Each structure stands twice: as structure tokens, then as C-alpha cells.
Amino acid sequence: MNAIILSAVWGVVMMFSGAFSKNKMWARYLAIAGAAFLLLANIADMYAQGNPFFHIDTKGMLTFNMFGLLVNAIAFATTLIYFFLSAKDIEEVGPHAGEYFALIFFVLCGVSLVTSYNNLLILFIGIEILSIPLYILTGSSKQNLKSNEAALKYFLMGAFSTGILLLGIAFLYGASKTGSFFIDDIGIGKVPPSPLFIIGLLLLLAALSFKVSAAPFHFWAPDVYDGSPTVFTSFMISVVKGAAFVAFIRLFADSFLEAQPIWQLIMALITAATLFIGNITAVFQQSVKRMLAYSSIAQVGFMLFAILGVGLKTNTAQEGIVLYIAAYSLASIGIFAILARMKDHSFEGFNGLAKQQPLLAGVNTVFFLSLAGIPLTAGFFAKYYMLSIALQTGKYFWLVIFAVFCAAISIYYYFRVIQAMYFKEGEQQEVEASPAFKGMLVAVAVIIVLLGIFPQWLINKLSIIYF
Amino acid sequence: MSATQVLFWFLSVLAIFSAIMMVASKNPIHSVLWLIIVFFAISGHYVLLNAQFLAIVNLIVYAGAIMVLFLFVIMLMNLNADTEPQKNKWLKMAGVIAGGALLLVFVAALKNADLKNQLVQTNSGEIGLINNLGLSLFHDYVVPFEVSSVLFLSAMVGAVVIAKKND
């Protein structure tokens, strides 16, 4: 509850920050302070569960469990790091810096809603709060035609998927015996599923797959991620994608667990398609930004394993997705922070970076290694958890082999960047990097390596019940 | 005949007549104006059924917002009786089939309705009152209601960011 209220309030504060001071620095400091405050409030919520700052009777619409709060904490921590690294680039997108920060805080409000919803109504509102500010941030670079195109495309496709989501919710409402939007009531229990229920489930599956950009609902993703300003792409593919996954898992673990025979094979096929399309198309890209857009689809393929494994007795699915979100968000934020400072977004742009900026090249290598899932980085254990989930379900051995094969393909395109940085000669290019920026990047790299050695630091938090 | 019945027949005749006129008139603007009368007549029916909230919302949303939009589109595109395009024969057929299908659904739904009992409850019944709606909205659904304000706020901020000039 802390996070929902405070993020909304801080969004309003950010909105007014531009009105009272012409100095853009204020907006940046306020945003950093806000993100830090949100993180602290959320941690307070974690350790004093059932006793947050605000006591609000939500009529059962929201439940706060450790899983949701932990993902909130990861999202806020990532946002805080993101502000430290990229706040300057956000200010350069356009003249409305305060508003951009405000929209980001509204997105965080949506994040904390979709990690704690207990009612499909809240899911709908949460997903909308998550998406609508993003449409705007995508189109915020108004002089750039690609950004305009991306925003329009994102908006239209997002509106369609929202319609599908609503239609699915309506079907589930009709199928539930009591006529209820609560996720505990819409499940089928032991009764055989009615056609209404199956239609509703499939529509919801399609809508949520769209929101996390899983194939075959991924067509908007590369253009949107490529077209929007680089700073906002990094926020979209890290924080927002993680939150959408939590919404996905909550729904499928709480409501649709008994209906698993209906959707599990479909989910497995979606996973395979996402892995295949994401990895194969990423190989052929010439621009690093577009390659990362496709690789984000490929990473979604791995995250989808968690949904396959929601029925497992232990919390493996939740543990895996928490670790994956943390590893993937940190690495992408870092890579995009560097990418946003570079003029040339093609692979050639990275040529010889190691000679000019050895430190940037070094941390960038760590981030790419983590994305590729090389041991000693967080990405390795994240992928390991995902594959072990698929093995524990006992049915999808072929999918595990296929995923390992796809991970091998991904190493090719991630290492192309590393190779360009270290083994190619390039012309001198200005990469503006202050000592604070470099220090923050090193800190992110250290966190990634530490998470790669001691993943249980994060995962054990899930089993804290009450303090 | 009581006043309620007089009103009912008056509103029904008005609604059906305006609906027919809406379809029949050649000038698109006249069609829109007739449609507005249909909406007003239907809102009157809602009031008779003690559903004041529905009546007002019907007026605000349909007669207010959507009709103004229609009028704007028609006026902007400068449509009038002369520019009315020749309608395709197949299009007309499709319209007849679609309308007929809807009629079929209505007939099928009402075929087994029990006509012996009272069909409607005029001036009684509580379900359509704003009182009940408010109780439900601000009691059971207060959290989604409040949270949706964040949604609207972000949409407003976005509209300003996108539409503001000077950059």
C-alpha cells in the first residue's frame, strides 16, 4: 500500500516541479529522492507486513505478499539506479523533464498495483496505468518521426490488447459461478471447465502475452523499442516488463492452476516460438539498439518458463522470476545507459571502445555476459532457475534442449558487441561519462556479479514471512 | 389512463417515429438530429423505470458527447443530401441480414417471457437509483475508483506533454 500511494503522490509532486522552478536540476534531484523514498517505504512494508504506513480497507481488492513486494523493491531499486545513470538523458529528450519523471512515477504506481492485485478490475486499471504513460514516453521525442511512429503503433496495438483483456475478463466474470472479479473466485476448482471459461482464459493469455511481448504477439515490440528515445526503452524493457510478468504469474498461479492442462501446452508453444523468433531475428540486426529489442523478446522466452512452472509445489517459479527480473533489469539499464550516451547505435559504433573508455567497455562486457547467461553473473543463475523449472514440471524436456540451443545462439550476437569493443579498431568518439556515472555503472556490475555468486541473497527474501 | 401510461405511449411513439425518420431522412444532419430525439425518448423511458442515473448518463454520453462527435464529422466532411453516395446492393443486403439477426435474437429471447405478470416496475424499484450506485462505488469499489484517478491524471499529463507547442 505504501508504494501505491507514495508513487502516485510523488508523480503529482514531480508534475509541479517544473512549474515552480526553471532549473531542471530540481526535477532530477526530486526524482532521485522520490525513488529512494519509495524503495525505503516498500522495504518498510516488506519487513512490517500487515503494518504499513497507511491502513486502508481495500475490501480484498489488493493483497500484499512477499513475492509482490520483493518485485516492487527490485523495480524501485532499478528505477533509482536508472535515475542515477540516465536522469540527464531524460532531461535532454524534450523540454518537459518534470512531466517525464511524473509519468515514470505513475508507471511505478501501476507496477505496485499489478504486483498486488486480487481482483481483475485492479489488474485492468494497473495494466492501463502501466501502459498509458509509456505510450506518451515513447512519443516524447516529438521531432523524431520514428518516435512518433512507434508511439502510434504502440498506442493502437495496446488499445487492441486492452480490448482483448477486457473481453476475457467479461467472459471469466460470466463463467464464474458467483459473478465475481476476484481472482480466487474465477478459478474452476474441480469442475470441468465451461467453454466460457476457456474463451476467457485464452483471451487473457493473449492479452498478457501481448503486454510482455511474447511471440506471436510481439510484432509491436521491436519497432517500439527501437523508435522510442533510448532512455525510455531501457525503462520499458526492464521495470515494466518485469511487472507485467508478475501480473501474469499471479493470475495463472492463483486462478488458473486447476486449468493447467488447458493452457500448459499452449504456453510451452508460445515459449518456444518466443525463444526462436527473438533469438533468430536478433542475429540479423545491424543496430545494437534493435538487436537489444529483439534480445528482450528472447529473454521473455526464458521468463515464460516461470509461468509453465506455476504449479510446482515449492516456490521455484516465483524465485526464478524474481532473480530473472533483477538480473535482466540491472543489465539492460546498464547497457542502455551507455548506449544512450553514444552517437552511433550500430555495431560499428562500439568499435575500439575498449581503447578509449576501458572502464565503460569493461562494465558493458559484464552486462552483456549477464544477458548471455555466462557463469559468475546473475544471468547465469537466472537462466539456470528457469531451465530447472521446466525440468521439474517433467513434461517439457524438449523445450529445455531448445532453450539451451537458443541461449547458444544468443551468445553470438551478444559477443559481437564485446568483440567490436575489444578487437576492432574504431575512430575516436566522444562518450560523455562523469566519474559519478562510471562509479554507478561499476556498482551495478558488482551487484550483477554478487547476485551471480550468491543468488540466495535475493531469493531467500521470498521466504521471510513476518518479522 | 394514468399519467405514467400516457407518458409511456407518448415516449414510445416518439422513439419509434424518430428512429424511422432517422433511417429514412436523406440529409445526414437530419438523421443525427432525429437520433438525438431517440436518445431523449429512451432517457425518458429510463426515468419512468426509476433509473435516473442511467437516464442522465444516456443523455450525457450519447446525446451529448457521441452525437456532437457525429455532427462534427458530418460538418467537417461537408456531407449533405447531394453528396450521399450510391449504396451498394450488397451493402444493403448485409444491413438487412445484420438487422434481421438482431431481431431474431430479440424474438428468441422474448418468446418464452412470462407476459402474465407485471412487465415493468414504474416509479418503484431501487436498483437504478444513484443512491445505490454511490453506495456500491464508494464502499465495495472505492479502491479501483480512487486508483483510476491516477490513470486519468497520467493521461492528462500525457496529453499536455504531447500537445504542447514550443519545442
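Student: Leaving aside neighbours within four places in sequence, with which residues is A:Ala327 in contact?

Tutor: This is a predicted model. In it, A:Ala327 is in contact with A:Ser370, A:Ala378, A:Gly379, A:Ala382, A:Ile448 and A:Leu451, once neighbours within four places in sequence are set aside. A:Ala327 also belongs to the largest nonpolar core, which has 190 residues. Together with A:Val114, A:Ala243, A:Ile249 and A:Leu323, A:Ala327 touches the most other members of that core.

Student: Which helix gives the most to this core?

Tutor: Helix H12 of chain A, residues 316–340, does so, with 18 residues.

Student: Why is H11(A) described as oblique to H15(A)?

Tutor: One reads the angle between the helix axes. Helix H11 (residues 288–308) and helix H15 (residues 378–393) of chain A pack at about 40 degrees, their axes being 9 Å apart. That angle makes H11(A) oblique to H15(A), since angles under 35 degrees would count as roughly parallel. The crossing of H11(A) past H15(A) is left-handed.

Student: Which residues meet there?

Tutor: From H11(A), A:Phe302, A:Phe305, A:Ala306 and A:Leu308 meet A:Lys383, A:Met386, A:Ile389, A:Ala390 and A:Thr393 of H15(A). By class, this contact has 7 nonpolar, 1 polar and 1 charged residues.

Student: How many residues of chain A are in contact with chain B?

Tutor: There are 26, in contact with 14 residues of chain B. Helices H1 (2–20), H4 (97–114) and H5 (120–138) of chain A each supply at least two residues to this side, and H5(A) gives the most, with 8 residues. The side of chain A that touches chain B has 17 nonpolar, 5 polar and 4 charged residues.

How values were computed
Residues numbered from 1 in each chain as written. Chains lettered and ligands numbered in written order. Predicted model: local features only at pLDDT ≥ 70, side-chain atom pairs only at ≥ 80, totals over all residues. Core = buried A, V, L, I, M, F, W, Y, C linked by C-beta atoms within 7 Å. Buried ≥ 20, exposed ≤ 12 C-beta atoms within 10 Å, placed from the backbone. Helix = DSSP H or I, 4+ residues; strand = E, 2+ residues; numbered from the N terminus. Contact = placed C-beta atoms within 7 Å. Nonpolar A, V, L, I, M, F, W, Y, C, P; charged D, E, K, R; others polar. Axes fitted to C-alpha atoms, helices over the stretch in contact; angles between N-to-C directions. Parallel < 35°, antiparallel > 145°, perpendicular 65-115°, else oblique. Left-handed = near helix turned anticlockwise from the far one by under 90°.
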